[in-house]
Amino acid sequence: MATTQTANNPYRTIDGSPRMLPSIVCYLDILGYRQLVGKAIASNPDALLHLRIALDAAYPHLAAWFGVNTCSIPVWNAKTFTDNIVLAEPIRLDGEAQLGTISECLGFFQLELIKHGIFVRGALTVDDFYMDEEIAFGPGLVQSVNAENDTARDPRIILLPPAVDMLRHHCSKYVSPDDAPQNQCFARDADNQIFVNYLEPILIAEHEQGPYVEWMKYHRDMVVSKLREYSDQPVIWSKYRWVANYHDWFCECHEHWFDTSYNIPKEYLRSHPTHLRGLVD
């Protein structure tokens with residue numbers, strides 16, 4: 001007989017047999033995880049506690065996607081191992097409501113982690129997938145993992161072609177695709193990758209009480225902190241330069257709420273070579 005967990009898992013049949021289902025699958029990687037572990041070993045024993053507090057604060061923002069009213073997310077929805085997080089849910093109808101909800105939930109999830117100095121990178125796709133208490137399996141996972149490594153590149157969650165096709169179908173249902181709500185949930189990057197517009201949830205109460213301006217300040221200050229921290233490591237610095245560019249673009253799009261004081265100060269956006277003076281004592 002199926003256990004309670006098995007019975008509640010849509011990836012299991014009534015008799016408990018595993019089955020893959022067309023699903024929205026998202027794979028996330030915590031940036032800087034190895035450095036975080038290294039610091040904990042070397043000189044910062046509170047690093048583990050910091051990570052645990054950040055994830056405890058961020059996970060409840062994913063609950064709405066799964067229709068859960070507490071911070072407890074069923075293990076078949078979300079799986080975390082070392083620096084990786086896998087999220088999935090079978091598609092209902094044409095997936096429009098789910099895709100819109102996940103963009104909002106992932107936005108809040110990213111923002112909460114960023115408040116604690118943690119950025120993520122990932123990929124979201126639509127394909128066959130299976131998950132239970134112990135296993136994550138299927139082409140949806142393979143595609144997302146490969147894209148996170150090869151294509152996402154910066155601290156962004158990109159949509160793979162099957163998810164983009166789904167998004168295009170959703171937008172086409174509106175009289176003017178430019179007016180589709182998906183235009184707020186997602187954005188197109190300079191390399192034509194579609195990614196989750198994770199700053200958009202800051203405007204979720206825009207018409208009732210205005211944006212959550214404190215979140216923009218947190219984001220600005222944390223980006224500046226990262227640009228400072230990695231100023232001598234250009235490969236890593238460039239990733240936060242991307243975040244700075246995204247931040248300023250979002251402020252420009254909503255300049256009626258965010259004046260130039262919310263922008264990233266220009267002195268942190270340049271990385272200069274120097275002369276050799278001081279090389280030899």
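## Residues with positive phi

Leucine 93 is exposed, at 88% relative accessibility (exposed means over 50% relative accessible area, buried under 20%, partly exposed in between, with a 1.4 Å probe and protein chains only). Its place is the loop between E3 and H4, where helices (H or I, at least four residues) and strands (E, at least two) are DSSP runs numbered from the N terminus. Leucine 93 is not a glycine, yet its phi is positive, about 50 degrees. Most residues other than glycine have a negative phi.

This is a predicted model, in which local features need pLDDT of at least 70 and side-chain atom pairs count only at pLDDT 80 or more, while totals for chains, interfaces and linings use all residues. Residues are numbered from 1 along each chain as its sequence is written, and side-chain values use heavy atoms, with hydrogens and water left out.

Asparagine 192 also has a positive phi, near 70 degrees. This residue sits in the loop between E7 and E8 and is exposed, at 54% relative accessibility.

Strands E2 and E3 run antiparallel and are joined by four bridges; two strands pair if DSSP finds at least two bridges between them. One of the contacts across the pair sets lysine 79 against valine 86, its bridge partner in E3.

Two residues lie between the strands of this hairpin, and threonine 82 takes a positive phi near 45 degrees there. Threonine 82 belongs to the loop between strand E2 (78–81) and strand E3 (84–90) and is exposed, with a relative accessible area of 57%. Its C-alpha is 8.4 Å from that of tyrosine 33, although 49 residues separate the two in sequence.

## Helix H6

Ala163, Val164, Met166, Leu167, His170 and Cys171 are buried in H6. Seen down the axis, these buried residues fall within an arc of 160 degrees, so they line one face of the helix; the arc is that of the directions from the helix axis to the C-beta atoms.

The face turned away from the buried side carries the exposed residues Pro161 and Arg168. Among the elements covering the buried residues of H6 are helix H4 (96–115), strand E4 (120–131) and helix H7 (182–185).

## Nonpolar cores

The largest nonpolar core has 73 residues, and those with the most contacts inside it include Leu62, Leu106, Phe119 and Leu159. A nonpolar core is a set of buried Ala, Val, Leu, Ile, Met, Phe, Trp, Tyr and Cys residues joined through side-chain atoms within 4.5 Å. Helix H10 (residues 234–253) gives the largest share of this core, nine residues. A second, separate core of ten residues includes Tyr27, Ala88, Phe129 and Tyr130.

Leucine 159 touches residues including Leu124, Val164, Leu167 and Phe186, not counting residues up to four places away in sequence; contact means heavy atoms within 4.5 Å.

## Salt bridges

The count comes to 16 salt bridges, each a side-chain nitrogen of Lys or Arg within 4 Å of a carboxyl oxygen of Asp or Glu. Lysine 173 and glutamate 96 form one of them, at 2.5 Å from N to O. Lysine 173 lies in the loop between H6 and H7 and glutamate 96 in helix H4, so the pair ties together parts 77 residues apart in sequence. Lysine 173 is partly exposed at 45% relative accessibility, whereas glutamate 96 is buried at 18%.

Arginine 92 pairs with glutamate 89 in a salt bridge, with the closest N and O atoms 3.0 Å apart; glutamate 89 is buried, with a relative accessible area of 8%. A network of salt bridges links Arg153, Asp154, Arg156, Asp189 and Asp191.
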